[in-house]
Amino acid sequence: MPDHPTETASGAAAEPAAVLLDALRYRWPGADCDCLNIATLRIAAGERVFLRGPSGSGKTTLLSLVGGVILPQAGVVRIAGQSLAALSAGARDRFRADHVGFVFQLFNLLPYLSARDNILLACRFSPQRRARIAVAGSTPEAEATRLAERLDLGAALLDRPAAALSVGQQQRVAAARALIGRPGLVVADEPTSALDAERQQAFIDLLLDECAAAGAALLFVSHDQRLAGHFDRVLDLATIHRATGSMQAPA
Amino acid sequence: MSPVFTLSLHSIANRRLSVLLTVIAVALSVALLLGVERLRNDAKAGFAQTLSGTDLVVGARSGPVQLLLYAVFHLGSATNNMSWASIEHLAALPQVQWLVPISLGDSHRGHRVVGSTADFFAHYRHGDRRPLRFAQGRPFEDKPAEAAGIFEVVLGAEVAARFGYALGQRIVLSHGSLGGEGGPRFADHADKPFTVVGILARSGTPVDRALLVSLEGIEAIHVDWHGGAPIPGLRIAPEHVRKFDLQPKSVTAALVGLKSRTAVFRVQRQINTYPDEALTAILPGATLQALWSLVGIAEKALLAVSALVVAVGLAGMVAVVVASLGERRRELAILRALGARPRQVFALLAVESLLLALAGIALGLVLLYGAGAAFAPWLSSAHGLQLSLGWPGVGEWRLLGAVLAVSLLASLVPALRAYRYSLADGMTIRV
């Protein structure tokens, strides 16, 4: 599959925003008010943004919109210049595989695969990630090893089943999986909440460094303001969200 | 390999124990189904070949199944005998190669006594034209000159085994064939005991349960009888029966072999329209098939039950996979976040169930052939049932195809459920 036209056409000079939300409104089926109502949110390519949002503020909804798993009733979601609404459901899934890496709060890995296979899984669903690794003159396996090393995961760890790793190791494997094949955007949803306080900052620093190295924009979502220190920009979901009435996420 | 297939394999390997038990359940059910189908076919084939190599069975005018039942299976009795004149007429027909007369009417402890000629051993064939084999001894004497030769009997395998008879044993025949052992009998031919001269090997045919004597023997024990009862005041010692004409006046039926099978319908019509006596000739193979359709209902029920067992096995498999889905919703959400499409999630679960079913079918075949190889000798010796161990036949392929089709349908259940989960959950589980 060729690279996305908007991305190639614009080139490095005027690289499209990693994320652009415009006049976005989303309401879960059956809800009586908008769960999300965002006038505009723009994350530039390579930008690292901390988005503060307490639970129930529509975080989950926002992540699903950015991932293209759901489409807004109104407004535009553009990822790397591509309007997600313009794509079919299957194409959105492939687009997500190619352009967005996710790190979740917990249980990011398939327990029955080795750490290495978990990392490589991102490439299995994405021809573009494989292509980008090939262009860089490497192989997915070598790239997985390289990323793992940078994230302090030894080669011996990589061959162990994911279920045998500590939570911290699992989160780093998840980060490597999000980053492999250089997607334009990494979305992290409370990835440190299961870690010890002293490990939290170390993990965030690793993530920031690796996103910078890979040239990926980072959208880091957390309720914990204390983690916001090293980011380019800090946003509060409550301020960009214009929804009236209660702001309950669907149960 | 597609990511879905690799994932399925890993996922299966991760749940080895439950998967193994599921596969074993499916395998046992498949082995049972195919085993029943195979036994059914082999029993049917064996039944249809109870009598082979005989072109026509002839008896007094009656229904074909009735004639077959008494002439071949020794069940029930003939309404009429056929005259010796008819036998001679038939034997002299140019198309007839051989003719073996059969005379029924006496019994020994619940087992039928079959009077015939020694040709019986030469021409009675079963299965794939296999002759009767002697486990011990020899046939009774044909056209005996000495009085002693008249009272010789050959035992079917089951008769010898049941009563523990050995060669040289002297046994007494009973008049009539009513009842089993200890049942009502008209009278014993106690004055003229028979000597066991041969014991047949098991053949899986009614001959196993019969005692065979010469036609002269049958005549000899009845020389001092009339109208089914001993003639009062008349007693003829065995050593004197030779003085009487032991040529039978009538017999019960006859097995006929033709020189050419192509003449069979013509000869049948000729016999059926024989003007001097009302006779019926049947083609034993065709009538055996007709009889099987009567007794074959039980085997159909057996097949239906084993099909149900397969359904239960597959239902168990679906239950195991569906039960695993609850704990795997997280896994499905991860796959979605990585860009797996809902239909790939669907395929993942479908492939998984299908692999289980295929493994079950394969293991079932292994079990079937293993058990077949282990039990075939016993089935053959104890029940005279020839179990074929060949490549699956058309019927079995059809059953395998049906099992596969049902597994395919069954695999849709967890797959559809996973599909619905993955649409509803997206990348995150909201629990």
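This is a predicted model: local features need pLDDT of at least 70, side-chain atom pairs count only at pLDDT 80 or more; totals for chains, interfaces and linings use all residues.
Residues are numbered from 1 along each chain as its sequence is written, and chains are lettered from A in the order in which they are written.

**Exercise 1.** Determine how the axes of helix α2 and helix α11 of chain B are oriented.

Solution. With axes taken as lines fitted to C-alpha atoms over the stretch in contact, and angles running from 0 to 180 degrees between N-to-C directions, the axes of α2(B) (residues 16-48) and α11(B) (residues 297-337) come within 9 Å and cross at roughly 165°. Because angles over 145 degrees count as roughly antiparallel, α2(B) is roughly antiparallel to α11(B).

**Exercise 2.** Is A80(A) buried or exposed?

Solution. A80(A) is placed in the loop between β4 (74-79) and β5 (82-83) of chain A, and its phi is near 50°, a positive value in a residue other than glycine. A residue is buried if 20 or more other C-beta atoms, placed from the backbone, lie within 10 Å of its own, exposed if 12 or fewer, and partly exposed in between. A80(A) has 24 C-beta neighbours inside 10 Å and therefore counts as buried.

**Exercise 3.** Is D152(A) buried or exposed?

Solution. D152(A) lies in the loop between α6 (140-150) and α7 (155-158) of chain A, with a positive phi near 65°. D152(A) has 12 other C-beta atoms within 10 Å, so D152(A) is exposed.

Note on methods: Helices (H or I, at least four residues) and strands (E, at least two) are DSSP runs, numbered from the N terminus. Angles under 35 degrees count as roughly parallel, over 145 as roughly antiparallel, 65 to 115 as roughly perpendicular and the rest as oblique.
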